[in-house]
Amino acid sequence: MNATHALRCLRGVATREALRFIGQRGRFFSALVRPLIWLFVFAAGFRSVLGISIIAPYETYIVYDEYIAPGLVGMILLFNGMQSSLSMVYDREMGSMSVLLTTPLPRWYLLLCKLLAGVFVAILQVYVFLLIAWFWHIRPPAMGYLLVLPALCFAGLMLGALGLLLSSLVRQLENFAGVMNFVIFPMFFASSALYPLWKMQESSVLLYWICVFNPFTHAVELIRFALYGKVAWLSLGVVGICALVFLGAAVVGYDPSRGFLPKKNMAANA
Amino acid sequence: MTATALSVDNVTYSYKHIEALKGVSLDVEAGRFVALLGSNGAGKTTLYSIITGLYRTHSGAVTIQGHSLESDTLKALAAIGVVFQKSTLDMDLTVLQNLSYAADLHGMPRKETRCKIDTAIELHNMQQYAKRKVAALSGGQKRRVELARALLHSPSLVLLDEPTVGLDSSSRADFVSHVKLLCRSQNTGVLWATHLMDEVDPTDSVFVLNKGLIVANGTAAELMTQYNQPDVTSLFNEINHAQKAIDQNSRISQERNIDRNREYTPEGSGKIDKGADR
């Protein structure tokens, strides 16, 4: 693989994603409105009900809004990962996926380009959210805004790779509602995004363990720690391994000879 | 000697229990317009999906500009341009942005890209709508953009899978003659899949695909003489008719063989044996 060619391809895919994103302003606002509603309405309501004791990485008592913010950042990445999965299924139905897959570069690299482009767009949204949250008095240390960037990249890659994997399994756009019900909601709610894990443990030990094994919990914790200038090593490891596993499975899913997609329906187009 | 842009050798492919291609072989020489004729379901799109690497052939080999698709995939893919059956342009982007995206995918430097896009816009008469979003274009204009995109990286082989479907007759004729002209002037091999016979001239090479098999090949003129037909449409009908008769005969003889075997095998004579036992 020629490195210059590879970089130009990445530039092309990222530019396309960015242009599409700019062209679909509604998508940008809806992606922002979701976490902001959680922050302004849900967190405000729970602020008085739910007290958060001092837990790492925080060094003092915090209000619930501050606790939930990294979870909402994770939510943006999660929804973006699923959005890119949806757009992959759409691209496949519309045929533009064929254009990408007939490009003279290895398939794993083409999928990685698509993944990186999606993460790039998601990170832009995260920083806009953090800026708005700053005005809502959620103010992590200034350095945290910089240090969180690699954590966002890792978490975004893992969730984007999961989206890629799902897109190789979902055959039609209509089936995507199932992804919402079976992937996004369980992943988000059974994690440390909304409540600390020790609170979960108090309510249900089983739920606690589900949360511990949920990769999204580790994505949120990685972001939470990075935002406060610390590294959650276990979460980093889990996120890294999951990203590799999901991407590997997605590459297999898009391999023409080993793909997960049954081809019986394609016979009609023969 | 003419260089071979595409060589397909004994390619087979099945969708679970349906055999879509049963040992297809064909060649496309550089600068030659080759029509792949076949009715719906003949296997044209499957063959295209194999040549473009979207599906992997179960047996047989595909060679593009001397590069094996199996072992030298990237070089083989670099030598082809594709116009798919369905429009594959990005509707949210302009014509220029779509072309620029394709150039990036093929690793073309920016300077060269700008120059090539300008030439392509002029060559395909797209000046009036180059800055418009693809969603706002007519079917014929979209097809031109797709062709321009397929030719942007100067491939030695262009594959077009039923590219005129959905176009009115004048846009269709215009598009076909445009491709034939480009094929001759740029010495590009063209494999044109269609079920519309009026797109084929008597001098064009023709492969007739029927139920996953090449049932006839040669120039359209040669085949018309061989089958004693006045034009390509009646030639195609005649070949299909003849093939149907062959299929029917072989089915009847297969059924007869099965019946005959039943009479002589223990399973076939089972009923008599059971009766005898009783």
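**Figure 1. Contact between chain A and chain B.** Chain A contributes 28 residues to the contact, and chain B contributes 29 residues. On the side of chain A that touches chain B, helix H1 (3-23) and helix H4 (96-101) of chain A are the elements that give two or more residues. H1(A) supplies the largest share of this side, namely 10 residues. Sorted by class, the side of chain A that touches chain B holds 10 nonpolar, 12 polar and six charged residues.

**Figure 2. A:Arg11 in helix H1 of chain A.** Helix H1 of chain A is the element in which A:Arg11 lies. A:Arg11 counts as partly exposed because 17 C-beta neighbours fall inside 10 Å, whereas a buried residue would need 20 or more. In sequence, A:Arg11 and A:Cys113 are 102 residues apart; in space, their C-alpha atoms are 8.6 Å apart.

**Figure 3. The largest nonpolar core and the surroundings of A:Ile223.** The largest nonpolar core comprises 152 residues. A:Ala155, A:Met158, A:Ala161 and A:Ile223 are the residues with the most contacts inside this core. In chain B, domain 1 (4-79 + 156-240) and domain 2 (89-154) each provide at least three residues to the core. Leaving aside residues up to four places away in sequence, A:Ile223 touches A:Pro70, A:Val73, A:Gly74, A:Val148, A:Ala151, A:Leu152 and A:Ala155. One of these partners, A:Ala155, is also among the residues with the most contacts inside the core.

**Figure 4. Confidence along chain A, with residues 260-270.** The average pLDDT of chain A is 84, and 91% of the residues score at least 70. Over residues 260-270 of chain A, pLDDT stays under 50. For this segment of chain A the model has 19 contacts beyond four places in sequence. Where pLDDT is low, predicted coordinates should not be read in detail.

**Figure 5. The two domains of chain B.** Chain B is divided into domain 1 (4-79 + 156-240) and domain 2 (89-154). The centres of domain 1 and domain 2 of chain B, taken over C-alpha atoms, are separated by 25 Å. Eight residues from domain 1 of chain B and six residues from domain 2 of chain B take part in the contact. On the side of domain 1 of chain B that touches domain 2 of chain B, helix H6 (residues 169-185) of chain B gives the most, with four residues. That side of domain 1 of chain B divides into six nonpolar, two polar and no charged residues.

**Figure 6. Helix H1 of chain B and the residue B:Gly53.** Helix H1 (residues 44-51) of chain B is mostly covered, with eight of its eight residues buried. The buried residues of H1(B) are B:Lys44, B:Thr45, B:Thr46, B:Leu47, B:Tyr48, B:Ser49, B:Ile50 and B:Ile51. Just after H1(B), B:Gly53 adopts a positive phi of about 80 degrees.

**Figure 7. Parallel strands S6 and S7 of chain B.** From strand S6 (residues 80-83) of chain B, B:Ile80 and B:Val82 point one way, while B:Gly81 and B:Val83 point the other way; all are buried. Strand S7 (residues 157-161) of chain B runs parallel to S6(B), and four bridges join the two. B:Val82 has B:Leu159 in S7(B) as its bridge partner.

**Figure 8. The open antiparallel sheet of chain B.** Four strands of chain B, in the order S2-S1-S4-S5, form an open sheet with antiparallel pairing. Strand S2 (18-29) and strand S5 (67-68) of chain B are the edge strands, each pairing on one side only. Two bridges link strand S4 (residues 59-64) of chain B to S5(B) in the antiparallel sense. Within S5(B), B:His67 stands opposite B:Ile64.

**Figure 9. B:Gly218 in strand S10 of chain B.** B:Gly218 has its place in strand S10 (residues 213-219) of chain B. Because 14 C-beta neighbours lie inside 10 Å, B:Gly218 counts as partly exposed. B:Gly218 touches B:Val206 and B:Leu223, not counting residues up to four places away in sequence. B:Val34 is 184 residues from B:Gly218 in sequence, and 9.7 Å from B:Gly218 in space, C-alpha to C-alpha.

Note on methods. Residues numbered from 1 in each chain as written. Chains lettered and ligands numbered in written order. Predicted model: local features only at pLDDT ≥ 70, side-chain atom pairs only at ≥ 80, totals over all residues. Contact = placed C-beta atoms within 7 Å. Nonpolar A, V, L, I, M, F, W, Y, C, P; charged D, E, K, R; others polar. Core = buried A, V, L, I, M, F, W, Y, C linked by C-beta atoms within 7 Å. Buried ≥ 20, exposed ≤ 12 C-beta atoms within 10 Å, placed from the backbone. Domains from an automatic or database assignment. pLDDT = per-residue confidence, 0-100. Pairing = 2+ DSSP bridges.
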